[in-house]
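Let's take a walk through a protein chain together. Have the sequence and the 3D view ready, and look up each residue as we come to it.

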Amino acid sequence: MVRKAKSITLIGAGLNGPLLGLELAKRGFRVDLFERRPDMRRVRMSAGRSINLALSTRGIHALAGAGLWEEMRGVAIPMAGRMMHSVESELTFQRYGKDDAEVIYSISRADLNIGLLNAAEQAGVQIHFQHRCTGIDLKTGSIRLQDGETGLQQTVECGVVIGCDGSASAIRGEMLKLSRFNFSQQYLDYGYKELTIPAASDGQHALEMNALHIWPRGNYMLIALPNIDGSFACILFLPFEGPDSFAEMIDQARVLEFCRMQFPDASRLIPDLSENFFANPTGAMVTVKCSPWHVEDRVLLLGDAAHAIVPFFGQGINCGFEDCSCLCELVDAHGSNWGRIFAAFEKARKVNTDAIADMAVGNFAEMRDRVADPGFLFRKKVELALEGKYPQRFVPKYAMVTFHRIPYAVALKRGLTQDGILTALCESISRIEDLDWRRADQLIHQQLTPLELSA
Ligand SMILES: Cc1cc2nc3c(=O)[nH]c(=O)nc-3n(C[C@H](O)[C@H](O)[C@H](O)COP(=O)(O)OP(=O)(O)OC[C@H]3O[C@@H](n4cnc5c(N)ncnc54)[C@H](O)[C@@H]3O)c2cc1C
């Protein structure tokens, strides 16, 4: 029998929960959203995971569909490319896209979250803060909740439960107990630390505003994303152990010495650097893969709960919002036939979320190391030239992931093919004028079919 539950329970009011909630409420479902934390609009939260996010086409598409992009664009800063800082504080700018329209946006996680919470409530979503989900009966879909204020426990019967409860998902934790549930988690040997470059004394940004700043240092790096208040949110990525690692940063003097030597221009702009280094927590980064994502027509995982990825392609939330778009398209096609919707959702998304997970790990080495290599920068130039001549066939991998909604699995596969073409074309040249266009034409037509490009 097909159940037609019209009541949906979401766990987790991070970024995906409220967006999905509002889209489902607009479609006539009753939506209850349970969040373990207090309402961030009323209670000041301590620094959380990365205070800024890079938003790009997939995320923007979903926000635009929800009618939220124009509002969010007002609190976002376009970043046209990477600004690399050498140890000598020399700057090199490398554009992300082929023109001014291809930019990514820096947005504060809190601003985005608050905008989504407001919109979800306006659409009729009932948000219950300080309600931690402590378990779920996967046979019935009933959930156990603990009130964060009183400590009281209650069990709530639910029609359909969607776990949007992030990379350490409690719902996934219960699914782990199922037989034949596949699960892997892979931590990086690197951690991260948040730091801040405040606005200059005139209130302006102390560095170029419309860029993502990178201090690539081979085995580690510092990055900085602009905020609308003139400050920059910085993230320092270091190995946990070994040379130049968190383990070596034993006291404030060592931190200052290291940062002044490796990131001299940034260090001058970060007041109380060593104090903040020790005051802020060190974050870990994990890739989570699992399957199945659903239990019959009752329970589904979505966003980081189903597929947490490391942040180096800036795609975690873009991918999560694309999940929301995909699920809603399936709801539009299949009504409330949840068994069918969940199975189709997993089939459509899993192969793609696996692909972006792998590309995100691969992009770490590119950001911390290869962006400083002249050979790499030359390949990027050649890529843009090839895209200019063959816009339907040769689209750089970064652009396929960031500026288009080409499925991630396609971007991964074509990216590998394109890498081979680039290697063949760049082998013995160092100037774009020397590019063998006849060979390029031949290789591209032989190996790359035309793409369907949707912006
Ligand atoms: C350092 C860093 C930088 C990043 N940069 C980017 C970027 O530039 N661009 C990008 O697209 N992505 C980025 N990401 C990834 C992005 O942050 C995540 O993909 C995104 O937050 C996932 O959203 P979510 O709603 O699935 O989970 P979350 O945002 O983690 O939200 C989960 C929510 O569930 C709640 N919750 C958890 N357990 C329970 C429970 N048991 N009961 C009730 N509530 C619960 C949590 O309190 C939280 O509010 C970055 C991540 C990190 C760590």
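The paragraphs below visit the backbone, a pocket, the cysteines and the aromatic rings in turn. Please keep in mind that this is a predicted model.

We begin with the backbone. Most residues other than glycine have a negative phi, and most peptide bonds are trans. With that in mind, where does the chain go another way? The peptide bond from Ser291 to Pro292 is cis, and its omega is near -5°. You can find Pro292 in the loop that runs between β17 (282-291) and β18 (294-295).

Gln130 is not a glycine, yet its phi is positive, at about 55°. This residue belongs to the loop between β8 (126-128) and β9 (131-136). With a relative accessible area of 24%, Gln130 is partly exposed. Arg180 also is not a glycine and has a positive phi, of about 60°. Look for Arg180 in the loop between α5 (170-175) and β13 (182-197). Its relative accessibility is 76%, so Arg180 counts as exposed, because the limit for that word is over 50%.

Next, let's turn to empty space. Rolling a probe the size of a water molecule over the atoms shows where empty space is left. The second largest pocket holds about 330 Å³ of space. Which residues lie nearest its centre? They are Glu366, Arg370, Lys380, Lys397 and Asp419, out of 18 residues that line the second largest pocket. Four helices, α11 (338-368), α12 (374-389), α13 (397-402) and α14 (408-426), each give at least two residues to this lining. The largest share comes from α14, with six residues.

Now for the cysteines. A disulfide is a covalent bond between the sulfur atoms of two cysteines. How many disulfides does the model have? The count is zero. Take Cys319 as an example: the closest cysteine sulfur, in Cys324, is 10 Å from its own sulfur, which is too far for a bond, because a disulfide needs the two sulfur atoms within 2.5 Å. Cys319 is buried, with a relative accessible area of 1%. Cys426 is buried as well, at 10%.

Our last stop is the aromatic rings. The model has 18 aromatic pairs. In one of them, Tyr220 and Phe263 have ring centres 6.3 Å apart and planes at 90°, so the pair is edge-to-face. This pair links distant parts of the chain, 43 residues apart: Tyr220 is in the loop between β14 (211-216) and β15 (221-226), and Phe263 is in the loop between α6 (252-262) and α7 (264-269). Both Tyr220 and Phe263 are buried. Another pair is Phe240 and Phe246, with centres 6.2 Å apart and planes at 40°, so this one is tilted. Here Phe240 is partly exposed, at 28% relative accessibility, whereas Phe246 is buried, with a relative accessible area of 11%.

Rings can also gather in groups. Tyr190, Tyr192, Phe237, Phe312 and Phe364 form one aromatic cluster. Elsewhere, the charged end of Arg82 sits over the ring of Tyr398, 5.8 Å from the centre.

Technical notes:
Residues numbered from 1 in each chain as written. Predicted model: local features only at pLDDT ≥ 70, side-chain atom pairs only at ≥ 80, totals over all residues. Heavy atoms only, no water. Buried < 20%, exposed > 50% of the residue type's maximum accessible area, 1.4 Å probe, protein only. 1 Å grid on protein atoms, 1.4 Å probe; cavity = no way out; pocket = protein on both sides within 12 Å on 5 of 7 lines; lining within 4 Å. Points joined across faces, edges and corners; volume = space filled by probe spheres on them. Phe/Tyr/Trp six-rings, centres within 6.5 Å; stacked < 30°, edge-to-face > 60°. Lys NZ or Arg CZ within 6 Å of the ring centre and 35° of its normal.
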